[in-house]
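My entries follow the order in which I looked.

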Amino acid sequence: FGSDSPWTSQKESVNQVLALPLDAEQKSQILGENAELLVSRIESRRAQRHVESTCGRLRKDCAVRLPG
């Protein structure tokens, strides 16, 4: 469900997914696992960019402080 309030009942929407002719794994992915995977990838990328940014600043600081 998006950030702008669902337009139908969440229970109704979940029941519609559960009624689809899909296996349990596919239903589980639709009902949350896919979103969980995307969020974890976004968080991982943010953390990586933070580390790269911090390391870049540290290298610049070190280059200024240490001769040659």
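**Charged patches**

I first looked up the negative charges and found that D23, E25, E33 and E36 form a negative surface patch. I noted that this is a predicted model, where local features need pLDDT of at least 70 and side-chain atom pairs count only at pLDDT 80 or more, while totals for chains, interfaces and linings use all residues. Residues are numbered from 1 along each chain as its sequence is written, and side-chain values use heavy atoms, with hydrogens and water left out.

I wrote down what a patch is: its residues have over 30% relative accessible area and no salt bridge, with like charges joined within 9 Å and nonpolar side chains (Val, Leu, Ile, Met, Phe, Trp, Tyr) within 5 Å. A salt bridge needs a side-chain nitrogen of Lys or Arg within 4 Å of a carboxyl oxygen of Asp or Glu. Lys and Arg count as positive and Asp and Glu as negative, whereas His and the chain ends are not counted; the charge is placed at NZ of Lys, CZ of Arg, CG of Asp or CD of Glu.

E36 lies in helix α2, helices being DSSP runs of H or I with at least four residues, and strands runs of E with at least two, numbered from the N terminus. E36 counts as exposed because its relative accessible area is 58%, where exposed means over 50%, buried under 20% and partly exposed in between (1.4 Å probe, protein chains only).

I then found a positive surface patch, formed by R41, R45, R46 and R49. R41 also lies in helix α2, and R41 is partly exposed because its relative accessible area is 46%.

**Nonpolar patch and whole chain**

V14, L18, L20, I30 and L31 make a nonpolar surface patch of about 380 Å². The elements giving two or more residues to this patch are α1 (10-18) and α2 (24-65). V14 is found in helix α1 and counts as partly exposed because its relative accessibility is 30%.

Lastly, I noted that the chain has 2 helices and 0 strands, and that 4% of its 68 residues count as buried. The chain exposes about 6200 Å², of which carbon and sulfur atoms supply 56%, with areas from the Shrake-Rupley method with a 1.4 Å probe, only the protein chains shown counting as cover for residues.
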